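Subject: Structure handover and notes

Dear colleague,

Please find the structure below, together with my notes on what turned up in it. I have kept the terms and their cut-offs beside the places where they are used.

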Amino acid sequence: MKAYILKLSFKGIQPEVWRRVIIPAGATFNRLHETIQYVTNFKSYLEPYHSFCFPLEDAIITNSEELIGQKEVDGKKVKRPTRIKIDQYIEETGEMIYQYDFGDQWEIAITLEDTVDDYYFGYPTLLDGGGMAPPEDVGGPAGYMKFLEIIHEPTHPQYTSSREWAESMGYKPLNMDQINALLKNVKFKKTEWEHIHHENYIVISDKYRGSEVIDPEQVTNKDLIFDYIVSCTNLYGIVPYYKVIQIYNLQNKPKITNKDLLAIATDSRYKKQLEESNVVIKLDRFVHKSLEESKATEKLEQYVIGKPFYIPEKEELLKYKDEFYYEKTKYHRELARLLEKIERTENRPVQEMIDELVWKMRIKNYQFNITMKEFLNLFAFEDMNQVNEVTRMIFTVANTTRLWDNRGYTPKELADLSKPKQTKIVAGAKIGRNDPCHCGSGKKYKKCCGR
């Protein structure tokens with residue numbers, strides 16, 4: 001089957017964001033539009049979200065009813081994208097421009113890299129790519145570059161709100177396996193299975209689509225990947241596949257893919273072990289069983305939107321394979337020493353009581369007042385001074401405990417992230433124009449005192 005290998009490159013943004021796709025010949029411009037939507041973080045593959053057009057030499061191909069109603073713009077005929085095929089245009093010129101969202105004015109350069117005759121699928125495939133594609137409605141190239149500055153600067157006043165908004169808009173890293181599964185929805189030709197190495201329509205191997213076989217025996221470090229899944233779930237409560245992959249790849253080699261992760265998550269042996277470890281698989285994320293049982297998954301998902309993930313060192317992270325593990329600080333120890341002097345209403349060790357308190361804080365900090373009241377009822381206090389002393393220490397413990405509400409950060413750490421960093425200046429030292437300003441504003445020197 002004849003097909004085109006196209007490179008799609010966003011114009012006007014850095015670092016470069018690009019995708020390489022292969023699409024069967026005979027695709028309409030609308031199918032090309034759908035393909036572009038699937039391989040980026042745009043959302044018009046779900047429903048018409050924004051208008052688009054392909055400005056060609058002699059025509060404008062668009063879904064904009066306003067432009068279609070004009071019939072002709074700047075001497076060019078305006079045509080609908082649902083019936084006109086890309087073949088003639090891409091073969092003659094080797095390139096074209098895709099314009100999307102006339103408000104944000106996105107432009108993606110489409111370049112024909114090769115024409116092949118050995119592609120046998122009736123839908124496109126993402127072959128390669130680089131960069132995290134922009135989210136919808138970010139304000140075009142200029143808005144996106146400003147957005148990148150904000151979300152990489154925790155002291156910026158719009159840092160939290162921008163991250164929250166971006167996550168709600170589906171702004172996420174490139175996941176080729178997931179995208180290629182979705183691209184099957186852009187089917188417009190019959191797949192020629194007789195030319196494909198497959199079994200029961202599952203691709204065993206293919207030059208372009210690789211293999212759809214998920215075999216855990218072919219995955220390196222299976223047990224370690226399993227440990228990461230469990231540890232991340234216990235640390236965060238909810239963790240998407242891509243974040244487990246990202247964290248694993250930061251700390252280990254060889255790197256893993258979404259397919260490797262799925263091989264573990266869907267293997268019968270590991271699946272049973274995940275269930276025994278209280279890890280539930282829900283769509284494209286791992287969820288702690290306690291959240292599902294209390295029907296709090298959606299509530300926590302909404303609460304953590306936009307918050308960064310705390311990522312400990314590998315040795316520390318893997319301690320969270322024990323779901324009751326937590327980092328004990330001096331405040332936890334001080335609380336224990338304080339409570340040892342107070343009469344208990346239950347015959348239980350103080351440390352066991354504190355461990356239970358911390359567990360409840362971690363998994364449902366939104367019920368902190370209830371948790372604290374229940375905990376205080378476990379002791380027979382002599383007077384209100386003693387109650388107040390213990391209460392203050394509990395608040396300190398809560399402020400230094402890693403919470404699911406904060407994606408593993410303590411409340412104190414999360415608050416400190418947004419504080420401008422004070423910069424110490426050595427006498428006679430020269431401040432670089434791109435260094436943080438010494439005044440503590442959080443701005444670069446050139447945009448603050450260096451102006």
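Two strands are said to pair if DSSP finds at least two bridges between them, and helices (H or I, at least four residues) and strands (E, at least two) are DSSP runs, numbered from the N terminus. This is a predicted model, in which local features need pLDDT of at least 70 and side-chain atom pairs count only at pLDDT 80 or more, while totals for chains, interfaces and linings use all residues. Residues are numbered from 1 along each chain as its sequence is written, and side-chain values use heavy atoms, with hydrogens and water left out.

An open sheet of 3 strands runs in the order S12-S14-S13, with antiparallel pairing. Strand S12 (238–240) and strand S13 (279–282) are the edge strands, each having a single partner, so one side of each has no neighbour in the sheet. From one strand to the next, the twist averages 25 degrees.

S12 pairs with strand S14 (residues 285–288) in the antiparallel sense over 3 bridges; Ile238 stands opposite Val287 in S14, and Val239 has Phe286 as its bridge partner in S14. On the other pairing, S13 and S14 run antiparallel and are joined by 4 bridges, with Val279 standing opposite His288. These two strands, S13 and S14, form a hairpin with 2 residues between them, and Leu283 in the turn has a positive phi of about 55 degrees.

Which residues of S14 are buried on one side, and which on the other? Arg285 and Val287 are buried on one side and Phe286 and His288 on the other, so that both faces of S14 are covered; buried here means under 20% relative accessible area, exposed means over 50%, and partly exposed lies in between (1.4 Å probe, protein chains only).

Helix H7 (residues 222–236) lies across S12, S13 and S14 and runs at about 60 degrees to S14. For such angles, axes are lines fitted to C-alpha atoms, for helices over the stretch in contact, and the values run from 0 to 180 degrees between N-to-C directions; contact means heavy atoms within 4.5 Å. H7 has 15 residues and reaches 21 Å from its first C-alpha to its last, close to the 21 Å expected at 1.5 Å a residue, where the expected span is 1.5 Å times one less than the number of residues. The helix is mostly covered, with 14 of its 15 residues buried, and H7 is followed by Gly237, which has a positive phi near 85 degrees.

A second open sheet, with mixed pairing, has 9 strands in the order S5-S6-S4-S3-S7-S8-S1-S2-S9. Its edges are strand S5 (72–73) and strand S9 (125–130), and each has a single partner strand, so one side of each is left without a neighbour in the sheet. Within this sheet, strand S4 (residues 59–62) and strand S6 (residues 76–79) run parallel and are joined by 3 bridges, with Ile60 standing opposite Val78 in S6. Helix H1 (residues 29–39) packs on the sheet, touching strands that include S1 (3–10), S2 (18–24) and S7 (95–100), and its direction makes about 70 degrees with that of S7.

Asn41 lies in the loop between H1 and S3 and counts as buried, at 9% relative accessibility. A polar atom of the Asn41 side chain lies 2.8 Å from the backbone oxygen of Ala133, and the side chain of Asn41 also reaches the backbone oxygen of Lys172 at 3.1 Å.

**Backbone points to check by eye**

Most residues other than glycine have a negative phi, and most peptide bonds are trans. A cis peptide bond joins Gln14 and Pro15, with omega about -5 degrees, and Pro15 sits in the loop between S1 and S2. The bond from Lys253 to Pro254 is likewise cis, with omega near -5 degrees. Asp137, which is not glycine, has a positive phi near 60 degrees and is partly exposed at 35% relative accessibility. Arg407 also has a positive phi, near 50 degrees, but Arg407 is buried, with a relative accessible area of 7%.

Best wishes

How values were computed. A polar contact is a pair of N or O atoms within 3.5 Å; within protein, one must be able to donate a hydrogen and the other to accept it, and residues adjacent in sequence count only if both atoms are side-chain atoms.
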